[in-house]
Amino acid sequence: MSMTNLRRRLHHGDVDGGKNEHVDISSVDSLNEPLLGKSSSDTGGSEVYDPRRQDLWDDDRKKEQLHWSFLFSNLIAQWAQWLANIIVGSGSLFGRLFPFSLDNQNSSPVYLSPLQEDRLNTLRSRLQIPFDGSRVEHQDALRQLWRLAYPNRDIPPLKSELWKEMGWQGTDPSTDFRGGGFISLENLIFFARNYPGSFQALLNKVQGQRADWEYPFAVAGINISFMLIQMLDLQSSVPSSKSGVRFVELLGRDENAFDHLYCVAFRLLDAQWLVKRASYMEFNEVLKSTRTQLERELVLEDVLEVKDLPSYTMLDK
């Protein structure tokens with residue numbers, strides 16, 4: 001079976017034999033419920049039906065689906081690297097005509113179309129805007145994020161203990177942006193608007209067996225924005241990494257490619273977090289492995305837009 005056919009199966013969520021539906025990678029464990037349970041038995045030693053046991057079995061099956069979905073996505077990207085090894089290692093005419101470097105640096109000149117250049121410049125202009133808590137539009141953006149996150153709750157003052165519930169480190173969110181800039185807040189708002197299912201699941205940590213010391217949602221989002229900026233080489237005059245060059249191609253097809261990629265990265269980070277059974281002190285390690293997986297997926301031949309990435313199938317709208 002060819003690699004392309006396998007990837008098409010993943011796009012259609014057909015890992016478990018179903019068609020035209022996404023793979024369910026979630027489980028229903030909640031922070032408000034015990035993560036492990038015990039089956040009940042009567043005093044005579046015979047088993048008594050306990051509906052919680054069926055729930056636990058269902059949870060195990062869903063966790064297994066998450067595990068296999070993640071491994072399958074990794075396998076596809078590794079196959080691409082394996083094919084690259086064959087091309088580079090061979091002395092064939094094909095290998096000489098189509099050189100493929102194993103690192104993330106692009107050795108060929110990069111030529112941008114007028115549309116790509118315009119959209120790249122627009123994105124770079126967004127990167128130059130720091131978050132400024134004194135600007136009314138930035139304050140309004142924070143309030144908008146709260147409304148999207150908690151539509152049935154009143155908006156708190158801009159300095160309040162309630163912001164910690166969203167995963168800000170202190171009572172004043174403006175102190176957490178640092179290198180992320182205003183674009184990281186825009187990314188969170190885009191995530192909440194376009195993929196509310198995944199946004200709410202990650203915000204409330206309702207999927208999977210969570211750690212006692214979880215990553216803070218909002219601050220994690222800022223780190224993901226900063227990671228993508230570095231990975232895509234967006235601060236250079238012309239991207240020099242393979243991921244950056246490929247991203248410019250995606251940007252030519254979709255002006256919101258960066259924001260969509262951000263949503264994929266956030267969902268992928270949480271999936272890796274669960275698979276690795278990570279805790280707070282391992283966040284940087286999980287963020288690094290998320291970047292590695294995205295770099296592998298971006299260079300796949302049949303990725304023409306962000307929605308073609310294998311990990312995109314994990315997003316819920």
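1. N194 belongs to helix α6, which spans residues 181-194; helices here are DSSP runs (H or I, at least four residues), strands are runs of E of at least two, and both are numbered from the N terminus. At 31% relative accessibility N194 counts as partly exposed, because that class lies between buried, under 20% relative accessible area, and exposed, over 50%, with a 1.4 Å probe and protein chains only. A polar atom of the N194 side chain lies 2.9 Å from the backbone oxygen of F190. The C-alpha atoms of N194 and D316 are separated by 9.2 Å, although these residues are 122 apart along the chain.

2. As to provenance, this is a predicted model, in which local features need pLDDT of at least 70 and side-chain atom pairs count only at pLDDT 80 or more, while totals for chains, interfaces and linings use all residues. Residues are numbered from 1 along each chain as its sequence is written, and side-chain values use heavy atoms, with hydrogens and water left out.

3. The chain holds 11 helices and 0 strands, and of its 317 residues 46% are buried. Among contacts (heavy atoms within 4.5 Å) between residues at least 6 apart in sequence, 69% join residues at least 24 apart.

4. In helix α7 the buried residues are S198, F199, A201, L202 and L203, and they pack against α5 (136-149), α6, α8 and α10. How does the chain continue after α7, and what is the phi of the residue that follows? α7 is followed by K205, whose phi is positive, near 50°. K205 sits in the loop between α7 (196-204) and α8, and at 6% relative accessibility it counts as buried.

5. For background, most residues other than glycine have a negative phi.

6. The packing of α8 (residues 217-231) on α10 (residues 257-275) has an angle of about 120°, with the axes 10 Å apart; the axes are lines fitted to C-alpha atoms, for helices over the stretch in contact, and angles run from 0 to 180 degrees between N-to-C directions. The two helices are therefore oblique to each other, the class left once angles under 35 degrees (roughly parallel), over 145 (roughly antiparallel) and 65 to 115 (roughly perpendicular) are set aside. α8 passes α10 in a right-handed crossing, meaning that the near helix is turned clockwise from the far one by less than a right angle.

7. Which residues form this contact? From α8 come F217, A220, G221, I224, S225, L228, I229 and M231, and they meet F258, L261, Y262, A265, F266 and L269 of α10. By class, the contact has 12 nonpolar, 2 polar and no charged residues, where Ala, Val, Leu, Ile, Met, Phe, Trp, Tyr, Cys and Pro count as nonpolar, Asp, Glu, Lys and Arg as charged, and the others, Gly among them, as polar.

8. Finally, D308 lies in the segment after α11 (283-298) and is buried, with a relative accessible area of 18%. The side chain of D308 reaches the backbone nitrogen of L304 at 2.9 Å.

Notes
Polar contact = N/O pair within 3.5 Å; in protein donor to acceptor, adjacent residues only side chain to side chain.
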